[in-house]
Amino acid sequence: MPSIEYDDSKPSWADQVEEEGDEGTLPSPKETIKGNIKTVTEYKIDDDGKKFKIVRTFKIETRKASKAVARRKNWKKFGNSEFDAPGPNVATTTVSDDVFMTFISSKEDLNAQDQDEDPMNKLKGQKIVSCRICKGDHWTTRCPYKDTLGPMQKELAEQLGLSTGDKEKPAGSAEPEPAQPAQSKTGKYVPPSLRDGGTRRGESMQPNRRADDNATIRVTNLSEDTRETDLQELFRPFGSISRIYLAKDKNTGQSKGFAFISFHRREDAARAIAGVSGFGYDHLILNVEWAKPSNN
Amino acid sequence: MKPILLQGHERSITQIKYNREGDLLFSVAKDTVANVWYSVNGERLGTYNGHTGAVWCVDCDWDTKNVLTGSADNSCRLWDCETGKQLALLNTNSAVRTCGFDFSGNIIMFSTDKQMGYQCYLNFFDLRDPQQIDDNQPYLSVPCSDHKITSAVWGPLGEFVIAGHENGEINQFSAKSGEVLKKIKEHTKQINDIQPSVDLTIFITASKDNSAKLFDSTSLDHIKTFKTERPVNSAAISPIMDHVVMGGGQEAMEVTTTSTRIGKFEARFFHAAYEEEFGRVKGHFGPINCVAFHPDGKSYSSGGEDGYTRIHYFDPQYFDFELEA
């Protein structure tokens, strides 16, 4: 492939004097062949009257080819390329940046698998894997009584529904939430400062935050297709959720495989950890644990 | 490797093909010209001008004398490869989707789209009989009423044409009687591309159902399956290694809404026997519409929705690489 260098040197006054006699004529193109490098030097005057020296360097490669191929190499160009000079035309042919084939070796995959398997073995040794249904030494999803999981979850939900219903009232009175119903009753606008919670906003905001942190669980090993609504469905039975944060890729919007779920109450969160950890979801086994308090 | 970038088209590439020796590379696109390039340095030899619609397919005969192109301007044209002159114009009722020379270079086949009230036909012309061309009267015309042909190649010995259909079916049409010799349905969606091996004994299909499959040409026995997560637009078999290359990506209409990073626009190399992916090559800005191996197996080319054709000469690592099984 030719590499083209433009020698954009302005003619110096000395050169101009020299060339005064034959204005407009250019030195004739030169072609030198040194070994397998061919250098073609051409001169050109562009629209601004600037003189250009164009140096093209070619690498000459001699290849042996069959007669038919050699004959074809000498064919005249035609169609839109009819007036192209010999050699590749820069308008249609360019050499692009280096690219490399990225190899995916199975060895790497195997190593990755080994690493994946090791913690599993450890878990087995410590007998952490215990079925939530029959308390056996296997994953809940592999439980022979798996079909009863659904009913069990429902039961759980019912229990929770009762318990949350009981506790809703006292909890509600402590929180600034009842301001809204009051507002709807009167139909009058109440400025935030005059609302029920308004007087103790300063104290209620901060502790709430901390409570959130305490009742937050981290769910990992989610599949890429998981959406917030899926998580909501999955965790709603355990108690009221205050916040769901699903980590997503900025560009693609696909899930990064982990999420934080904040419950209103810590007991609900604990129950969610007990209930969903090891739960097979979308062909992956979910890992649920307490979220570590964030540094800031 | 430093790919050679060929910018001869203004629209997306529809098909690229090497001639038998591999010194020339033909490319056609959704614009109206067909280009021919020297594969060794990417120099453009010429263009075949005349079509007035998107060109869907191109083929070259064994001695690189004639070139056949089929276009959406409802015509199939025969060109003199050396001079770019149009030798014959075969008008049809609907767009020509696939075309091909049989190994002798004497018989051509092309298929037309099911379109504008016309059904899909597979037509056969014998070039030795000028009367057929003059009268535009094929010696054999096979109607395919149900599902149109989306890709087709000649089978071994010029006995039949292997055609892939819109619904994923693969049929063998006899070139003598037109009857369906064998019929299979291994794919669930449209077959985008069929490419035979050098000796024509096996072929690979690329389908919209996210997979490519290897078949035996004569018996249509299913041999191997290569799975990806995106529709496969094209697949080719390496002539010297047990490799296949696949090009694809999500559908062209969805390109603008996704970033290139997750578009999976790479050419993907699979081991033919283990059905395992072992390498990827990036480069195109859109899905790859067509891939082709050089007949010597030392380079391959890809044509993309971005309108570029890229010729890649493999690095030595490619030949040294061995997949650990």
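Modeller: Two residues are in contact here when they have heavy atoms within 4.5 Å of each other. In this predicted model, among the contacts in chain B that join residues at least 6 apart in sequence, 42% link residues at least 24 apart. The secondary structure of chain B consists of 3 helices and 28 strands, and of its 325 residues 62% are buried. Chain B exposes about 12300 Å², and 47% of that area is supplied by carbon and sulfur atoms.

Turning to the cysteines, the structure holds 0 disulfides over all chains. A disulfide is counted where two cysteine sulfur atoms lie within 2.5 Å. For Cys81(B), the closest cysteine sulfur is that of Cys60(B), and because the two are 5.1 Å apart, they are too far for a bond. Cys99(B) is likewise in no disulfide, with the sulfur of Cys57(B), the nearest one, 3.3 Å away. Cys81(B) counts as buried because its relative accessibility is 0%, and Cys99(B), at 4%, counts as buried too.

As for the pocket, the largest one has a volume of about 1900 Å³ and is lined by 50 residues, of which Lys73(A), Pro88(A), Val40(B), Asn41(B) and Glu43(B) lie nearest its centre. The elements giving two or more residues to this lining include β1 (3–7), β3 (37–45) and α2 (67–73) of chain A. By residue type, the lining of the largest pocket divides into 21 nonpolar, 12 polar and 17 charged residues.

Key:
Residues are numbered from 1 along each chain as its sequence is written. Chains are lettered from A and ligands numbered from 1 in the order in which they are written. This is a predicted model: local features need pLDDT of at least 70, side-chain atom pairs count only at pLDDT 80 or more; totals for chains, interfaces and linings use all residues. Side-chain values use heavy atoms; hydrogens and water are left out. Helices (H or I, at least four residues) and strands (E, at least two) are DSSP runs, numbered from the N terminus. Buried means under 20% relative accessible area, exposed over 50%, partly exposed in between (1.4 Å probe, protein chains only). Accessible areas come from the Shrake-Rupley method with a 1.4 Å probe; for residues, only the protein chains shown count as cover. On a 1 Å grid over the protein atoms alone, a cavity is a set of points where a 1.4 Å probe fits but cannot get out, and a pocket is an open set with protein on both sides within 12 Å along at least five of seven lines; lining residues have an atom within 4 Å of a point. Grid points are joined across faces, edges and corners, and a volume is the space filled by probe spheres set on the points. Ala, Val, Leu, Ile, Met, Phe, Trp, Tyr, Cys and Pro count as nonpolar, Asp, Glu, Lys and Arg as charged, and the others, Gly among them, as polar.
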